[in-house]
Amino acid sequence: MELLDREGECAAVDALLTQARAGRSGALVLRGDPGIGKSSLLRWAVERAGDVLVLQARGFESESEIAFAGLADLLRPVLGHLGALPAPQSAALAGALAVGPPVRADRFTVCAATLSLLAAAAEAQPLLVLVDDAHWLDSSSLEAVLFAARRLGAEGVVVLLATRDPAPPGLAASGLPEVVLRGLARAAARELGRRSGTTLAPDVFDRLYDATAGNPLGLLEIPALLGEEPDAVVPAVPLPPGAHLERALRRQVDRLPGETRAALLVAAAGDDADLGLVAAALARRGLDLGALSPAEERRVVRVHGDRVLFRHPLLRGVVYHDAPVGERAAAHRALAAALAERGDGAQAADLRAWHLATAAVGYDEEAAAALEQAGTRAYRRGGYATAAHASERAAGLSPPGPDRGRRLLKAAKWWQLAGRVRRAGRLLAAALPDVADDPVRRAEVQHLRGFVQMWRQAPPPAQVLLQAEAERVVHLDPGRAALMHADAAVPCFMTGDVVQATAAARRAHDLAVGVGGTPLLVATVVLAVAEATSGHRHRARALLLEADEALRAARPLVRAQEVVLAAMAWGWLEEPERARALVDRLLREARAAGALGVLPYALALVGDLDFRTGRWDSAYACAEESVRLADETRQANSYGLFFLARMEAVLGLERACTEHVERALDVADRYGIGCMPTYTGSALGLLHLGAGRTAQAVEELRRVRALADAQGLAEAAVVPYVPDLVEALARAGDRDGARAELGAAERVAGGDGERGAWLAGALARCRGLLDAGAGAEAHFAEALAHHERAGSPFDRARSLLCQGERRRRARQRAEARAVLGEALGLFEALGARPWAERARTELAATGLVPAAPGTGALGLLTPQELQIALAVSAGASNQEAAAALFLSRKTVEHHLSAVYRKTGVASRRGLGAWLARQQG
């Protein structure tokens with residue numbers, strides 16, 4: 001098969017197939033107008049596949065609301081490999097594809113399972129995965145295919161997706177490479193006409209070419225009509241290609257007998273339905289399959305296998321949209337009745353529901369009930385977007401009242417689970433009149449409205465709404481009221497209003513005490529966070545201990561928000577072991593279940609804990625994976641971006657740090673997270689301080705101080721900027737300003753009289769930095785003792801650096817060398833290059849030329865290589881590491897080979913020892 005004027009496109013596809021045979025994966029989106037040749041290019045790829053296993057699916061408009069319909073078609077040939085997947089992924093995918101019982105899972109578990117299944121199938125031979133008309137693929141299937149396409153690496157899998165131009169939003173934002181197909185060059189268009197047996201006068205051909213812009217379908221279809229009235233078909237004034245194509249195709253249909261057009265309408269309404277279904281529906285219209293014969297003779301449709309196929313989707317569109325609305329409704333009713341008679345499973349029931357809905361005029365309870373049931377089935381299988389759309393359409397077919405309110409609320413919940421929070425908010429507002437007479441149902445609607453508002457609009461109105469509605473229902477449902485007050489604290493945390501957050505959390509806790517159960521657990525954790533940020537460490541610790549047993553007993557994924565909040569608070573209280581005990585369980589379960597909706601936040605928190613305790617290789621790998629997974633699943637993740645930016649600040653990755661700060665602030669601005677400039681400002685201040693730009697550090701950190709004061713943030717460990725500001729002022733020569741800041745910090749630190757080891761050590765370092773007398777050494781000794789207790793090698797190295805600088809300036813060179821050498825070793829082990837350079841400069845000033853810097857794990861390995869190295873050195877097999885990191889075994893092996901090559905070790909045990917050495 002030769003394609004005219006497609007040399008570049010064919011070469012791109014051929015290169016991907018060659019890579020696949022060599023064990024490398026790739027993806028390509030083919031985008032273009034209808035009739036431009038996308039399907040032809042896919043067929044060419046199939047011919048070129050040779051020994052490559054081909055998996056194919058096509059999006060159908062009639063199935064675009066059937067959850068996982070496209071994925072089922074695509075993966076059916078390789079379902080025998082389901083047993084090779086981790087059990088939670090296998091169960092979720094089997095349930096989604098209706099080859100196993102429904103399993104409720106994280107929205108992205110099926111995405112992870114799709115990747116795993118393709119990787120497992122590619123173990124035997126390379127794969128070519130083709131999806132035509134991807135714009136009609138149901139959203140659940142498209143999400144899974146795109147996730148897999150982005151994360152494929154060394155498996156030997158090629159993914160080709162053909163879509164109309166413009167592509168649907170999910171596909172357009174996928175980040176995959178793409179090729180845009182344009183019309184044929186004039187010479188190629190003439191050759192296409194010659195090969196098709198079409199002879200046109202030169203002037204008519206030129207007009208045809210200009211009118212169609214070289215669209216191959218137009219070039220082939222329109223000449224069939226030129227014999228009658230060429231000027232009418234190809235006018236001198238150019239029109240959009242679609243207008244010419246549709247006019248030509250419409251004439252072909254108009255020539256057919258009336259009963260053939262009626263039969264074609266049923267086939268068009270079924271959208272390439274199977275022959276038995278079309279025959280049964282035609283019988284209900286008083287027709288039989290013979291009515292389609294004239295259309296077959298004119299090549300409008302063809303029977304392929306057991307399906308009735310239109311020669312091109314545009315032909316189907318012409319047949320369907322040219323028919324009167326009443327005739328279209330009758331065709332859909334006939335198909336729905338035929339499906340009801342068939343009664344062969346959930347997919348038939350779902351199709352019937354959508355045919356009934358399409359046929360409905362005005363309110364229709366039968367169609368609404370069928371759609372509601374279809375939505376529930378999709379929800380149970382994890383197809384949240386499909387479920388939401390079904391329930392929303394069911395609500396549209398319902399008269400005002402409780403049924404419509406219930407369906408709107410369901411749709412809003414499911415849109416929220418699908419990540420479409422803005423759409424959920426619109427439906428909740430529409431549901432309010434329908435639930436006005438039911439205060440408990442109204443509270444449920446308003447509770448979800450508050451959640452939506454806090455993430456899609458300015459958070460303060462969400463707080464007001466939640467608290468007001470909680471008080472309306474407090475006597476009818478105190479548990480709901482407690483949960484609403486607890487949730488009202490969240491927008492306060494987001495905006496940085498610690499006082500309001502504490503008030504909301506305390507009201508939630510007061511109500512929840514009389515209820516117990518989940519409301520008490522949620523309220524206790526939220527109040528603990530509020531107390532911790534207010535500097536009341538004793539009260540925060542008591543609350544966390546009160547919630548600890550319930551949190552440990554609960555399934556981490558069920559109580560993921562509370563686990564993250566509690567672990568965060570334990571981290572601020574400098575009890576990392578308790579924090580890790582909680583978050584490690586969550587991380588393990590999220591990885592095992594493929595819960596990609598939870599993982600970015602769990603990973604960000606692990607990265608924060610590892611940063612504070614000096615495990616910077618793990619901290620960087622976790623922060624980078626957090627951001628990457630959030631990007632790939634289109635989740636807002638401003639905190640993950642901040643954690644990554646802070647890591648990059650201390651590693652000296654200036655450009656990456658500032659880029660991630662800007663992204664974090666952009667996300668924060670869109671979602672109303674007003675506290676984020678406090679966090680990102682502290683990262684930028686640390687970046688400038690490490691690089692020796694003290695004036696910029698002072699400016700940035702003073703801004704952070706003002707924000708923290710305005711927010712009522714009294715716990716210095718939440719945003720640890722205070723010691724940096726004191727040091728920056730001292731190094732800038734403003735010692736009076738530094739002493740003032742230190743004094744203020746000493747007075748504020750520990751709102752209930754308790755001060756953590758990290759802060760005590762950092763403040764002692766600041767006192768040593770500012771003490772001009774002999775007492776400085778005592779301050780540094782105190783700082784080092786606290787750092788030892790806190791387990792913070794970065795802070796220890798900073799104190800040693802300050803102590804060494806002080807000794808060198810006092811001409812105590814030998815004493816300075818001892819502590820500066822230790823500081824340099826710690827900085828280099830951590831990968832803190834700017835700080836290591838400062839220590840190196842100080843050592844050189846003592847007359848000792850330090851050895852050239854080495855390259856640690858963070859400088860030698862990519863983030864993904866580092867994550868794999870950490871996993872396998874902890875004892876994971878290649879397959880276990882692949883499952884945990886949502887990669888294929890071959891991709892893990894590929895990266896692991898690079899790790900061994902770069903590090904010069906040849907075993908897992910050797911790799912573990914090498915990583916341990918990098919951490920000193």
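The structure holds 72 salt bridges, each being a side-chain nitrogen of Lys or Arg within 4 Å of a carboxyl oxygen of Asp or Glu. This is a predicted model, in which local features need pLDDT of at least 70 and side-chain atom pairs count only at pLDDT 80 or more, while totals for chains, interfaces and linings use all residues. Residues are numbered from 1 along each chain as its sequence is written, and side-chain values use heavy atoms, with hydrogens and water left out.

**Salt bridge Asp51–Arg21**

- Asp51 pairs with Arg21, and the closest N and O atoms are 3.1 Å apart.
- Arg21 belongs to helix 1 (residues 7–21) and Asp51 to the loop between helix 2 (38–49) and strand 2 (53–58), so the bridge ties together parts 30 residues apart in sequence. Helices (H or I, at least four residues) and strands (E, at least two) are DSSP runs, numbered from the N terminus.
- Arg21 counts as partly exposed because its relative accessibility is 38%; buried means under 20% relative accessible area, exposed over 50%, and partly exposed in between (1.4 Å probe, protein chains only).

**Salt bridge Glu471–Arg507**

- The side chains of Glu471 and Arg507 meet at 3.0 Å, N to O.
- Glu471 sits in helix 24 (residues 459–473) and Arg507 in helix 26 (residues 498–513), so this pair ties together parts 36 residues apart in sequence.
- Glu471 is partly exposed at a relative accessible area of 35%, and Arg507 is partly exposed at 30%.

**Salt bridge Glu574–Arg537**

- Between Glu574 and Arg537, the closest N and O atoms are 3.9 Å apart.
- The pair links distant parts of the chain, 37 residues apart: Arg537 is in helix 28 (residues 537–553), and Glu574 is in the loop between helix 29 (560–572) and helix 30 (576–593).
- Glu574 is partly exposed at 22% relative accessibility, whereas Arg537 is buried at 2%.

- Leaving out residues up to four places away in sequence, Phe827 touches Phe794, Ala797, Arg798, Leu801, Ala832, Trp835, Ala836 and Ala839, where contact means heavy atoms within 4.5 Å.
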